[in-house]
Structures are given as structure tokens and as C-alpha cells.
Amino acid sequence: MRHYMTLSPKLPSAFRWCATAVLMGLSFPSLADEMLHWRDAWVRSLPPGTAVTAAYGSLMNHGSDTVTIVNVTSTTGTEAQMHDVIADGDQRKMARLNSVDIAPGESLVFEPGGRHIMLLGITDAPKEGGDLALCAVSARGTEACTRAPVTRQAPGETEPHGHHH
């Protein structure tokens with residue numbers, strides 16, 4: 001006697017479709033191919049009353065496809081934006097980035113003096129020694145999130161001698 005697996009028509013159609021895909025061995029490319037993770041993320045601490053700070057770190061693409069990052073979010077401030085610093089003659093200026101591609105096996109590096117994440121509209125400054133969430137959102141809608149410590153300088157760096165705050 002043969003037994004056939006069937007899915008009840010009473011189940012929501014999205015669930016039936018997903019279950020059928022799993023049973024047939026299909027994968028979901030937006031999840032399977034976008035293998036992103038953060039490394040060494042941190043947020044610069046700021047004095048009370050300051051409404052803007054920056055976040056840094058590396059976002060690594062371990063997937064087999066290029067991933068396009070279209071947004072960043074944070075648990076502090078009203079908005080997070082990706083920026084780059086561009087040379088303009090003798091001057092350097094910030095330019096907002098609407099999207100950034102990360103090739104397979106490559107990293108998107110956010111660092112002081114270069115690409116970085118601006119955290120804007122901060123009304124309650126995160127305390128040094130605390131941490132906050134940073135998320136990168138891809139064009140496919142997947143999120144890569146991390147907890148980033150709040151500190152005056154990159155974790156592991158030491159201040160030059162004679163430079164005190």
C-alpha cells in the first residue's frame with residue numbers, strides 16, 4: 001500500500017507553497033545566497049547634547065552572489081545613512097551612498113576617514129561602554145545585524161601618548 005503526503009487545503013496558501021518547496025528540495029535564494037555577517041563593529045561615543053555620531057566595522061559576504069546593501073538601521077537616533085569621504089581638490093567631503101555592492105568573498109569596510117555609517121537625530125546619547133544594534137538591509141530584504149560597543153576609539157586601539165580627553 002502506498003502512502004502519499006498531501007497538504008491540507010485548509011492551510012494558508014503561503015504555508016502550503018513553502019512546505020511544497022521544502023518537500024521538493026527547492027531553496028530560497030534570498031536567504032541561502034546572502035550569507036552576511038559583521039566583524040569588529042563599533043560606534044563612536046559622543047558628548048551629551050550631540051545629535052550625530054558614526055558607526056564602523058566590516059560586513060562580510062560569505063555567499064555565492066553579489067549582495068547589494070540598500071539601507072542601514074540602528075537602535076539609536078532617527079536615521080542611519082551610509083556615507084563615503086570623497087576627495088575634492090584639497091578638500092574632503094562626505095557623500096551619501098544609496099547602495100553598495102559586496103562581491104562574494106569580499107567585505108564592505110566602514111572605517112574612520114572613509115566609508116562609515118552616520119547615526120542621525122540622536123536625542124539620548126548611547127553611553128560609553130554600552131552597545132547598540134546595527135543592521136544592514138539588502139536589496140532582497142534580508143538583514144544582517146550585530147551588537148556594536150560604544151567607545152571613543154576602535155576596540156583594541158590605544159590612544160597616542162600625550163593625547164588625553
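Rings of Phe, Tyr and Trp, with the six-membered ring used for Trp, pair if their centres lie within 6.5 Å. By this rule the count in this predicted model comes to two aromatic pairs.

**View 1. Stacked pair of W38 and F110.** The two rings lie 6.1 Å apart, centre to centre, with 25° between the planes. Because W38 belongs to strand β1 (residues 36-44) and F110 to strand β7 (residues 107-110), the pair ties together parts that are 72 residues apart in sequence. W38 and F110 are both buried.

**View 2. Tilted pair of W42 and Y56.** Here the centre-to-centre distance is 4.7 Å and the angle between the planes is 35°. W42 sits in strand β1 and Y56 in strand β2 (residues 53-61), 14 residues apart, and the pair links distant parts of the chain. W42 has 4% relative accessibility, so W42 counts as buried. Y56 also counts as buried, at 6% relative accessibility.

**View 3. Hairpin of β4 and β5.** Strands β4 (residues 79-88) and β5 (residues 91-97) run antiparallel and are joined by seven bridges. D88 has Q91 in β5 as its bridge partner. Two residues lie between the strands, and G89 takes a positive phi near 70°.

**View 4. Whole protein, for context.** The protein contains two helices and 10 strands, in the order α-α-β-β-β-β-β-β-β-β-β-β along the sequence. Of its 165 residues, 33% count as buried. The protein exposes about 10500 Å², of which carbon and sulfur atoms supply 53%. Among contacts between residues at least 6 apart in sequence, 62% join residues at least 24 apart.

Methods: Residues are numbered from 1 along each chain as its sequence is written. This is a predicted model: local features need pLDDT of at least 70, side-chain atom pairs count only at pLDDT 80 or more; totals for chains, interfaces and linings use all residues. Side-chain values use heavy atoms; hydrogens and water are left out. Helices (H or I, at least four residues) and strands (E, at least two) are DSSP runs, numbered from the N terminus. Buried means under 20% relative accessible area, exposed over 50%, partly exposed in between (1.4 Å probe, protein chains only). Contact means heavy atoms within 4.5 Å. Accessible areas come from the Shrake-Rupley method with a 1.4 Å probe; for residues, only the protein chains shown count as cover. Two strands pair if DSSP finds at least two bridges between them. Rings of Phe, Tyr and Trp (its six-membered ring) pair if their centres lie within 6.5 Å; planes under 30 degrees apart count as stacked, over 60 as edge-to-face and the rest as tilted.
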